[in-house]
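Dear colleague,

Please find below the structure that I am handing over to you, together with its sequence.

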Amino acid sequence: MKLQYNILCIDNIISSLVETKSDITEFNDNVGINVEFHDVEVSIGAREEDDDFRLRIMEEIETHFAKTSFELILVDLHMTGGVTGDDVISVIRESHSMYRPIIFYSEGEPSGDDVAVQELTAAALSAGLNGKSIFISGRDNLSALAFGIFKEMHNEEHKVNRVRGLLMDRVSEFDAKIIEISKNEGLWKQIPKENKNKIVTEFKRFLAKDKKDADQIYKRVNRMDIDEIQTLVSSDSRDISTFRKGSLLRALFRYIEKFKTNGDVLSDGINGDDSMIGIRNTFAHTTSEDLGFEQSPETCKHIREMLCHQLKNIDDICEKI
């Protein structure tokens with residue numbers, strides 16, 4: 001499951017895609033996915049030679065591919081300077097995965113969807129592009145076709161293993177940043193002198209609680225036979241905390257004025273079954289069968305928005321230190 005889709009747009013008049021971009025952004029925002037567009041405007045300069053222009057455009061496309069992985073590519077048929085859409089697609093298919101969907105579109109010359117589809121089909125056949133994940137569309141139908149492709153992507157991404165993969169990846173990133181922040185000497189120096197003992201007390205308090213819980217569990221287990229231990233293990237007990245560094249930072253932020261809001265957000269991320277950590281634990285410790293074949297769009301949107309909110313908060317903390 002992804003948090004962002006990158007879309008490459010190749011057109012001689014990029015501004016003509018404003019409405020389409022808005023439609024695509026809104027459609028994906030409904031499930032919590034951010035969309036970032038990367039534009040290549042195929043517009044030849046007044047004094048630019050055709051060969052130089054073609055080379056510049058192809059290098060610009062390659063630069064985008066070197067930096068980004070794209071979920072969808074939009075390519076216009078009619079462009080300028082001797083560069084055509086089928087020409088561009090052929091170059092992309094020679095260098096990159098043939099399974100990356102490309103929408104090949106045109107307004108038609110003369111204008112009209114029927115004419116556009118005929119021209120696009122002829123160009124695709126001539127360039128040998130059939131069977132290479134090319135979708136043909138008139139410009140008026142561009143958004144609707146994109147919606148269909150994105151809907152299939154959403155359905156695939158909302159399957160349990162995709163959701164689990166995103167949670168594991170992003171929470172692992174969150175954990176790594178928590179550890180990094182905890183090691184930052186500059187942060188510790190910002191603790192007001194009069195509050196240092198309070199943090200020491202709070203840290204000892206929640207570690208004492210962990211010890212008390214562990215002691216209670218041990219006392220119970222110490223009296224158990226194998227059948228009782230089997231029952232305990234089978235009960236999916238989660239008595240032992242695994243995320244105390246976050247709790248320490250939450251306590252620390254309570255006493256540094258500029259971090260107080262960040263601390264509140266962090267608390268929402270690590271405390272409770274509906275927090276980022278709580279949901280991660282549910283997906284990590286529950287089988288796919290028990291979780292269900294796929295998650296609802298509402299659940300997936302909540303997970304995406306929560307992950308983005310927590311990771312942005314962590315980045316904000318890093319910038320403030």
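Angles between axes under 35 degrees count as roughly parallel, over 145 as roughly antiparallel, 65 to 115 as roughly perpendicular, and the rest as oblique. The axes themselves are lines fitted to C-alpha atoms, for helices over the stretch in contact, and the angles run from 0 to 180 degrees between N-to-C directions. Helices (H or I, at least four residues) are DSSP runs, numbered from the N terminus.

Please note that this is a predicted model, in which local features need pLDDT of at least 70 and side-chain atom pairs count only at pLDDT 80 or more, while totals for chains, interfaces and linings use all residues. Residues are numbered from 1 along each chain as its sequence is written, and side-chain values use heavy atoms, with hydrogens and water left out.

I begin with two helix pairs. Two packed helices are described by the angle between their axes and the distance between the axes. H6 and H10 pack at an angle of about 50°, and their axes are 10 Å apart; the two helices are therefore oblique to each other. H6 passes H10 in a left-handed crossing (the near helix is turned anticlockwise from the far one by less than a right angle; clockwise would be right-handed). Ile 178, Ile 179, Ile 181 and Ser 182 of H6 make the contact with Lys 245, Gly 246 and Leu 249 of H10, where contact means heavy atoms within 4.5 Å. By class, this contact of H6 with H10 has 4 nonpolar, 2 polar and 1 charged residues. Here Ala, Val, Leu, Ile, Met, Phe, Trp, Tyr, Cys and Pro count as nonpolar, Asp, Glu, Lys and Arg as charged, and the others, Gly among them, as polar.

The second pair is H6 (residues 160–182) and H12 (residues 276–285), whose axes come within 10 Å and cross at roughly 135°. That makes H6 oblique to H12. This crossing, too, is left-handed. The contact of H6 with H12 has 11 nonpolar, no polar and 3 charged residues.

How much of H12 is buried? H12 is mostly covered, with 7 of its 10 residues buried (under 20% relative accessible area; exposed is over 50%, and partly exposed lies in between, with a 1.4 Å probe and protein chains only). The buried residues of H12 pack against H6, H11, H13 and H14.

The largest nonpolar core has 35 residues, of which Phe 174, Leu 187, Phe 253, Ile 303 and Leu 307 touch the most other members. Such a core is a set of buried Ala, Val, Leu, Ile, Met, Phe, Trp, Tyr and Cys residues joined through side-chain atoms within 4.5 Å. H6 provides the largest share of this core, 8 residues. A second, separate core of 26 residues includes Met 79, Ile 102, Ala 124 and Ile 134.

Three further places deserve a look. H3 (residues 85–95) is mostly covered, as 9 of its 11 residues are buried. His 64 lies in H2 (residues 50–67) and is buried, with a relative accessible area of 17%. Thr 287, in the loop between H12 and H13, is partly exposed, at 45%. The C-alpha atoms of Thr 287 and Asn 262 are separated by 33 Å, although these residues are 25 residues apart along the chain.

Yours sincerely
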